[in-house]
Amino acid sequence: MMKKLIYAILICIIIAGIVIIATMGLKADILYSKNVELDIYIGKVAEKKDIENIVQEVFPNERIIVQEVELFNDMYAITLPDTRSDDELNAKVEELNNKINEKYELENKTEDITITHNPKVRLSSIITPYFWIIIISIVLILIYVAIRYKKLGIIKTILSYIISIGAVEMLYLSIIAITRFPINRVVIPLGLLLFLVVITILGFINERKLVKADENMDNKKVKE
């Protein structure tokens, strides 16, 4: 009964995820969304934490990424959502420059800050580099499975792999969609890690089944 309940919950999660993906799509991380990058040369050593605090004051309640550009901690790249008009953004950039100047006693000009508007990146382009590697890996694994676990039934074993891998990956994707977790550089590697975990678990299970099948066959021969 408990097993059926768990399966029912998992199926509901997958269905809910499919509906959300079909209607709302997946949420992209700021680096893959339409964003603005501000390249600021400070001219003296500045702590990243201090720059982050200043940026948060100017752009409150926003998802922002602050990255060091130079080895000498004197230049930073700030990435934020591109949701403002040019006039609004310029006003914010001027405010940011003033606060940095005040913090470090500088006289940097707003015109020295490079503003770059980056278009939204198609999520499919994130998956593309992994596509053929995944396909080839799956084909090779299924060929190995068909040979190794021939005694357990080729079609049955291959289907169990395909269904298990597909179900786990769909569950993973559904959870991402439901929680609105942004698609970033970590999502694909985690999906590949889940793929390896499923393959490993199925391998252990089938090895035990194979040993049991061999034992049953030996016992049958002894009785004969």
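View 1. H4, helix H5 (154–179) and helix H6 (187–223) each give at least two residues to the lining of the largest pocket. The model is predicted: local features need pLDDT of at least 70, side-chain atom pairs count only at pLDDT 80 or more, and totals for chains, interfaces and linings use all residues. Residues are numbered from 1 along each chain as its sequence is written, and side-chain values use heavy atoms, with hydrogens and water left out. Helices (H or I, at least four residues) and strands (E, at least two) are DSSP runs, numbered from the N terminus. H4 supplies the largest share of this lining, eight residues. The pocket's volume is about 600 Å³. On a 1 Å grid over the protein atoms alone, a pocket is an open set of points where a 1.4 Å probe fits, with protein on both sides within 12 Å along at least five of seven lines; lining residues have an atom within 4 Å of a point. A volume is the space filled by probe spheres set on the points.

**View 2. Ile 134 sits in the lining of the largest pocket.** The lining has 23 residues, and Ile 127, Ile 134, Glu 169, Ile 188 and Gly 191 lie nearest the centre. By class, 19 are nonpolar, three polar and one charged. Here Ala, Val, Leu, Ile, Met, Phe, Trp, Tyr, Cys and Pro count as nonpolar, Asp, Glu, Lys and Arg as charged, and the others, Gly among them, as polar. Ile 134 belongs to helix H4 (residues 124–148). Ile 134 is partly exposed, at 27% relative accessible area. Buried means under 20%, exposed over 50%, partly exposed in between (1.4 Å probe, protein chains only).

**View 3. H1, H5 and H6 meet at the second largest pocket's lining.** Helix H1 (2–23), H5 and H6 each supply at least two lining residues. H5 gives the largest share, eight residues. The volume is about 510 Å³. Of 19 lining residues, Tyr 7, Ser 160, Ser 164, Leu 202 and Ile 205 lie nearest the centre. The lining divides into 13 nonpolar, four polar and two charged residues.

**View 4. Strand S3 pairs with S1 and with S2.** Six of the seven residues of S3 (residues 75–81) are buried, so the strand is largely enclosed by the rest of the structure. Strands pair if DSSP finds at least two bridges between them. S1 (residues 35–41) and S3 are antiparallel over seven bridges; Asn 35 stands opposite Pro 81. S2 (residues 65–68) and S3 are antiparallel over four bridges; Val 66 stands opposite Ile 78.
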